[in-house]
Amino acid sequence: FYQLVKQAQTNVYAMINISKNGIIAQSELADLTKVQCVLVKQAIEKYPDFIVGMKARISKTVVGQNGIKPLHLAKEMQRENNGIPLMVHIGSEPPELSEVLNLMEKGDIVTHCFHGKTNGILHQETDTMKDCAWKAYRRGVYFDIGHGTDSFNFHVAETAKKEGMTSTSISTDIYHRNRKNGPVYDLATTMEKLLAVGYSLPQILHQVTSAPAKQFHLQTKGGLKEGFDGDLTIFDIVDGEKELTDSNGQTRMSRKLIQPLAAIVGGIVHECK
């Protein structure tokens, strides 16, 4: 992957999955012999400007019978690697969301924060936020959108915002299927969905630029300042109507459309076609 990335014209970074098999089998943490701390440390040391974090997917289909054990291992590896950023995927239980969030510390990143599953941040019986979510949020755990095929729900995002909880960063969790067939399509569409939830454009721009740069310690990214890389994505904001669909089939109507026009990388302009 690193060799392929070196040929890309855009900036590409990676988080290293704590399982040496990655997500090829989709149950990569069901066999803990595949979590090899020495190999992870060697990879991080070999590619310090490429690997910006570690990733642990902590949900039922991934961990199998191992429950919360893989996250304990991830936290140990994080400490052994100078506190490298750790992103944790949340989904169906077990383990329970409270078990996961209670292990996460300030600066850790929880992704798929607004998914609509029962093991999410919303009490579905009372339609209120869970205490474990508030405790993590208030102690400085970053909440990342990670839209994906199954992991963004309009109602959860709207309820969280009404109670005063907004995401920290906006990401797509994009891959071929949800790019081509939806519901993700692209970053601009994901940004439009947060506009529809009630986020302001300045909030959204912060969450796709300086916020992720801060999370992953990218010292020259995320802002227009002296000494920073002058890489830009140019968008146009136009009036119009567009039906937006979340991961659970709920829809909202967007009145503002975010249209990407070009990217500027290393002084070279790449126009959108």
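**A walk through the predicted model**

Thr245 is placed in strand β8, which covers residues 232-245. The model is a predicted one, and in it Thr245 has a relative accessible area of 29%, so this residue is partly exposed. Leaving out residues up to four places away in sequence, Thr245 touches His147, Phe154, Pro183, Lys193, Gln250 and Thr251. Between Thr245 and Thr189 there are 56 residues in sequence, while their C-alpha atoms are 9.7 Å apart in space.

One of the partners of Thr245, Pro183, lies in the loop between α8 (176-180) and α9 (187-197). The peptide bond that joins Gly182 to Pro183 is cis, with omega at about 5°. The loop between α8 and α9 also holds Tyr185, which has a positive phi of about 70° although it is not a glycine. With a relative accessible area of 40%, Tyr185 counts as partly exposed. Most residues other than glycine have a negative phi, and most peptide bonds are trans.

Apart from residues up to four places away in sequence, Ser92 touches Ser59, Lys60, Lys117 and Asn119. Ser92 and Pro260, by contrast, are 168 residues apart in sequence and 34 Å apart in space, taken from C-alpha to C-alpha.

The next element to consider is helix α4, residues 69-80. Its 12 residues, at 1.5 Å a residue, should span 16 Å, and the C-alpha atoms at its ends are 17 Å apart, which agrees. The buried residues of α4 are Pro70, Leu71, Ala74, Lys75, Met77 and Gln78. Around the axis they cover an arc of only 160°, so they lie on the same side of α4. An α-helix has 3.6 residues a turn, so residues three or four places apart point the same way. On the other side of α4, Lys69 and Arg79 are exposed. The partners against which the buried residues of α4 pack are α2 (37-46), β2 (51-58), α3 (60-63), β3 (86-90) and α5 (97-103). After α4 comes Asn82, with a positive phi near 60°.

Strand β2, one of these partners, contains Arg57. How does the accessibility of Arg57 classify it, as buried or exposed? At 10% relative accessibility, Arg57 counts as buried. Its side chain makes a polar contact of 2.8 Å with the side chain of Glu28, and the side chain of Arg57 also reaches the backbone oxygen of Gln26 at 3.4 Å. Beyond its neighbours within four places in sequence, Arg57 is in contact with Ile23, Gln26, Glu28, Leu29, Val62, Val63 and His89. Gln26 itself lies in the loop between β1 (14-17) and α2, where its phi is near 65°, a positive value in a residue other than glycine. At 43% relative accessibility, Gln26 counts as partly exposed.

In helix α6, residues 131-138, the buried residues include Cys132, Ala133, Trp134 and Ala136. The buried residues of α6 pack against α5, β6 (128-129) and β7 (142-144), and just after the helix Gly140 takes a positive phi of about 105°.

The cysteines form 0 disulfides. Cys113 is in no disulfide, and the nearest cysteine sulfur, that of Cys132, is 13 Å away. Cys113 has a relative accessible area of 2%, so it is buried, whereas Cys37, at 27%, counts as partly exposed.

The interior can now be taken as a whole. In soluble globular proteins, nonpolar side chains tend to be buried together. Here the largest nonpolar core has 56 residues, and those with the most contacts inside it are Met54, Ile58, Phe114 and Ile121. Apart from this core lies another, of 5 residues, among them Val52, Met87, Ile109 and Phe216. Setting aside neighbours within four places in sequence, the contacts of Phe114 include Ile121, Ile145, Phe152, Val156, Ala157, Ala160, Met165 and Tyr199.

How values were computed. Residues numbered from 1 in each chain as written. Predicted model: local features only at pLDDT ≥ 70, side-chain atom pairs only at ≥ 80, totals over all residues. Heavy atoms only, no water. Helix = DSSP H or I, 4+ residues; strand = E, 2+ residues; numbered from the N terminus. Expected span 1.5 Å × (residues − 1). Buried < 20%, exposed > 50% of the residue type's maximum accessible area, 1.4 Å probe, protein only. Arc of directions from axis to C-beta. Contact = heavy atoms within 4.5 Å. Core = buried A, V, L, I, M, F, W, Y, C linked by side-chain atoms within 4.5 Å. Polar contact = N/O pair within 3.5 Å; in protein donor to acceptor, adjacent residues only side chain to side chain. Disulfide = S-S within 2.5 Å.
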